Amino acid sequence: MKYVLGAKCVKCGKEYAAVPHLTTCSCGGILDIVYDYGAIRRDFSPKTLAGNRDWSMWRYRPFLPVEEGSPAPPLRVGWSPLYKADRLAHALGLRTLYIKDDGLNPTASLKDRASSLAVVKAMEAGASTIACSSTGNAASSLAGNAAAAGLESYIFVPSRAPKGKVAQLQIFGAHVISVDGSYEDTFELSKASIFRWGWYNRNAAINPYLSEGKKTVTLEILEQLGWQVPDYIALSVGDGCTIAGAWKGLKDLYAAGFIDRLPRLISVQAEGCCPLNRALQTGKPWTPMEENTLADSIAVGVPRNPDKALRALEESGGMAINVSDREILDAMTLLGRTQGVFGEPAGVTGTAGVKRALEQGRIPADATVVSIVTGNGLKDVQSGIKAAGEPMVVRPDMEALLAAFAAHGIDPKERMI
Ligand SMILES: *Cc1c(COP(=O)(O)O)cnc(C)c1O
Ligand SMILES: [Zn+2]
């Protein structure tokens, strides 16, 4: 790997060679991949990137910890759209808002970025089988990306995982283990099984390469913004790997001279499960919480990557915002109605947090904010219906339709604009 110097523990600083089967430090700390930014700077710039026709996360190869000869996996992951969300900005009273719709990845969540990288590392390790535990999206993305690359997968999910995500697993041919317990229980069983059978480990926070895949979301955002740095980037937080990855991407760009300042991160969690935000807000070490929210993807009572996540928030001068399930459901319809973007509950939690932060005056109305929608709403139709309700039902005749319009206060007259 031309640009990778090695890996370094975020807790004790111990250094490791970047072998494919890398896990955590002997001290229990999580590793960070270290690059030779001088070499990246020499070979790679916004200009060379502008000529690159690879419209996927693999356009950032010099920033990714893979061997030069390793082919990119078959599924197209990344280069999701960044929408200038003027209608939503107006509704929120914010000057400039962008929505990064990562629900448009092949298995419909940001987790595809990590799984794509995991598949390459598994191939480099010569593994035929790859495994993880997940609240749902890491699972479905691993199953899809593994299937496309011809790898077998073993996936552990808590039994509460939404049906849409479990259906994805089944369709992609994964060995699915639905664990009758919490995410914490699910994680522990997967860990024991991975140890027992020696599968390639795609557990976030254990495998340090995964957040390197996730960081491509911020590499893209900045390229899509023409390297103009926004003031804030908001995203939902569960284990903390996504926000840590997002921060790593920004720091990489800064170190390689692509950007000249760094944005502040907004960590958004559900009120009913916010151990990381609570730690940030109280200045005390994090402690476990119940997993009490309908945003299943971030219902993580025992976060797996607290050190990296909290460090990212500290370094960025970031802020912690908690939102209720009601606010999350409202953000679903708000994004849908103003921008045509349908996110799952955890997918829109970042946007709910932007709304709350504006209401509380924690971010100024003239700021430039990017909100990442991390997962697609079709994964969890139940919550979509909870947010938006059932449609009107009519008999198939005009009288019934008129009566229904009247009953719902709808004026169907065409308004020329
Ligand atoms: C996994 C996930 C998150 C949070 O990522 P963490 O790394 O667990 O913090 C947010 N939104 C969605 C849709 C996810 O699947
Ligand atoms: Zn260590």
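Biologist: What are the ground rules here?
Modeller: It's a predicted model, where local features need pLDDT of at least 70, side-chain atom pairs count only at pLDDT 80 or more, and totals for chains, interfaces and linings use all residues. Residues are numbered from 1 along each chain as its sequence is written, chains are lettered from A and ligands numbered from 1 in the order in which they are written, and side-chain values use heavy atoms, with hydrogens and water left out.

Biologist: Which residues coordinate the zinc ion (ligand 2), and at what distance?
Modeller: Donors are N, O and S atoms within 2.8 Å of the metal (3.2 Å for Na, K and Ca), and water is not among the atoms, so sites may look incomplete. Here the SG atoms of Cys9, Cys12, Cys25 and Cys27 coordinate the zinc ion, at 2.3 Å.

Biologist: What arrangement do the four donor atoms around the zinc ion (ligand 2) make?
Modeller: Four donors count as tetrahedral if all angles lie between 85 and 135 degrees; four count as square planar and six as octahedral if opposite donors are over 155 degrees apart and all others between 65 and 115, and anything else is irregular. The donor atoms around this zinc ion subtend angles of 103 to 115 degrees, so the arrangement is tetrahedral.

Biologist: What spacing do the donors of the zinc ion (ligand 2) follow, and how many residues apart are cysteine 12 and cysteine 27?
Modeller: Along the chain the donors follow C-x2-C-x12-C-x1-C. Helices (H or I, at least four residues) and strands (E, at least two) are DSSP runs, numbered from the N terminus. Cysteine 12 lies in the loop between strand S1 (4-9) and strand S2 (15-16), and cysteine 27 in the loop between S2 and strand S3 (31-35), so the pair ties together parts that are apart in sequence by 15 residues.

Biologist: Is cysteine 12 buried, exposed or in between, and what is its relative accessibility?
Modeller: Buried means under 20% relative accessible area, exposed over 50%, and partly exposed in between (1.4 Å probe, protein chains only). Cysteine 27 counts as partly exposed because its relative accessibility is 39%. Cysteine 12 counts as partly exposed too, at 46%.

Biologist: How are the rings of phenylalanine 44 and phenylalanine 258 arranged?
Modeller: Rings of Phe, Tyr and Trp (its six-membered ring) pair if their centres lie within 6.5 Å; planes under 30 degrees apart count as stacked, over 60 as edge-to-face and the rest as tilted. A search of the whole structure finds nine aromatic pairs. For phenylalanine 44 and phenylalanine 258 the centres are 5.7 Å apart and the planes at 40 degrees, so the pair is tilted.

Biologist: How far is the charged end of lysine 121 from the ring centre of tyrosine 209?
Modeller: A charge sits over a ring if NZ of Lys or CZ of Arg is within 6 Å of the ring centre and within 35 degrees of the ring normal. Arginine 59 lies over the face of tyrosine 60, at 5.8 Å from the ring centre. Lysine 121 has its charged end over the ring of tyrosine 209, and the distance to the centre is 4.5 Å.

Biologist: Which polar side-chain atom lies 2.7 Å from a nitrogen atom of ligand 1?
Modeller: A polar contact is a pair of N or O atoms within 3.5 Å; within protein, one must be able to donate a hydrogen and the other to accept it, and residues adjacent in sequence count only if both atoms are side-chain atoms. Lysine 111 puts a polar side-chain atom 2.8 Å from an oxygen atom of ligand 1, and a polar backbone atom of cysteine 241 is 3.0 Å from an oxygen atom of the ligand. The nitrogen contact at 2.7 Å comes from a polar side-chain atom of threonine 374.

Biologist: What is phi of alanine 108?
Modeller: Most residues other than glycine have a negative phi. Alanine 108 is found in the loop between strand S5 (96-101) and helix H4 (111-124), and it is buried, with a relative accessible area of 14%. Its phi is positive, near 75 degrees.
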